[in-house]
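Here is a short tour of one protein model, written for someone who likes to follow helices and strands with the viewer open. Please keep the structure in view as you read.

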Amino acid sequence: MSDAGMVHPITVTINGERYARTVQARKLLVHFIRDELALKGTHIGCDTGNCGACSIIVNGKLIKSCMMLAVQADGATIETIEGLEAEGELTPVQRAFHEHHGLQCGYCTPGMVMSATYLLRGNPDPSEEEIRRAIRGNICRCTGYVNIVRSVKAAAGAGEPAAADRAEASR
Ligand code: FES
Ligand code: FES
């Protein structure tokens, strides 16, 4: 029997909750999270590491969860989009995406928010160039990059106000 057909026990902590499961050796982490744990906020756009829709934080590092096997995550501490808000309160990044129209269809949004969250943890006041570099692994098919960058800036407290805010301020 090839190893791909074997199952392995793994234990992961996701958004503060511990899960012990057995998984096939070939199961991708993104499929494990979505299909076995029903955490559907992590999206799949390509399955080949190109789009960033599946971005999550594993042991403090931003990764694309379609590029990692579930067995490789054994013992890991994982954060997904579902774990960001606390007691119904959105994080500043989530709020900023909402307030500054950082999403259109929303498909890329969980990955964008995870990438932005990771960026701001390490660099609380990034330049526009740093923001663009941080999200270069995330593709927005709606091409809403201007508002996405604006949202991240706003979340960092360094953002230019959105157009509506500017209009309000100039009254
Ligand atoms: S689904 Fe993982 S990078 Fe596209
Ligand atoms: S908002 Fe539609 S893919 Fe980004």
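Let us begin with a pair of helices: H2 passes H3 in a right-handed crossing. On the H2 side, the contact is made by Val93, Gln94 and Phe97, and on the H3 side by Thr109, Val113, Ala116, Thr117 and Leu120. By class, these residues divide into 5 nonpolar, 3 polar and no charged. Bear in mind that the model you are looking at is predicted.

The geometry of the two pairs is set out below.

| Helix pair | Axis separation | Angle |
|---|---|---|
| H2 (residues 92–99) and H3 (residues 109–122) | 9 Å apart | about 130° |
| H2 and H5 (residues 145–155) | within 8 Å | roughly 135° |

Now for the strands. The model has an open sheet of 5 strands, in the order E2-E1-E5-E3-E4, and its pairing is mixed. Which strands stand at the edges? They are E2 (17–24) and E4 (61–64), each with a single partner strand, so one side of each is left without a neighbour in the sheet. From one strand to the next, the twist averages 40°.

With E4 it pairs in the antiparallel sense over 4 bridges. Ser55 stands opposite Lys64 of E4, while Ile56 has Ile63 as its bridge partner in E4. E3 and E4 form a hairpin with 2 residues between them, and Asn59 in the turn has a positive phi of about 50°. E3 also pairs with E5 (residues 77–79), in the antiparallel sense and over 2 bridges. In that pairing, Ile57 stands opposite Glu79 of E5.

The helices and the sheet meet at H3, which packs on the sheet and touches E3 and E4; the direction of H3 makes about 40° with that of E3.

**Helix H1**

Is the stretch from Leu29 to Ile33 in H1 buried or exposed? In H1 (residues 29–36), Leu29, Val30, His31, Phe32 and Ile33 are buried. E2 is among the elements that cover the buried residues of H1. Just after H1, Ala38 takes a positive phi of about 60°.

**The whole chain**

Stepping back, the protein has 6 helices and 5 strands. Along the sequence they follow the pattern β-β-α-β-β-β-α-α-α-α-α. The protein has 171 residues, and 41% of them count as buried. Among contacts with a separation of 6 or more, 56% are between residues 24 or more positions apart.

Technical notes
Residues numbered from 1 in each chain as written. Chains lettered and ligands numbered in written order. Predicted model: local features only at pLDDT ≥ 70, side-chain atom pairs only at ≥ 80, totals over all residues. Axes fitted to C-alpha atoms, helices over the stretch in contact; angles between N-to-C directions. Left-handed = near helix turned anticlockwise from the far one by under 90°. Contact = placed C-beta atoms within 7 Å. Nonpolar A, V, L, I, M, F, W, Y, C, P; charged D, E, K, R; others polar. Pairing = 2+ DSSP bridges. Buried ≥ 20, exposed ≤ 12 C-beta atoms within 10 Å, placed from the backbone.
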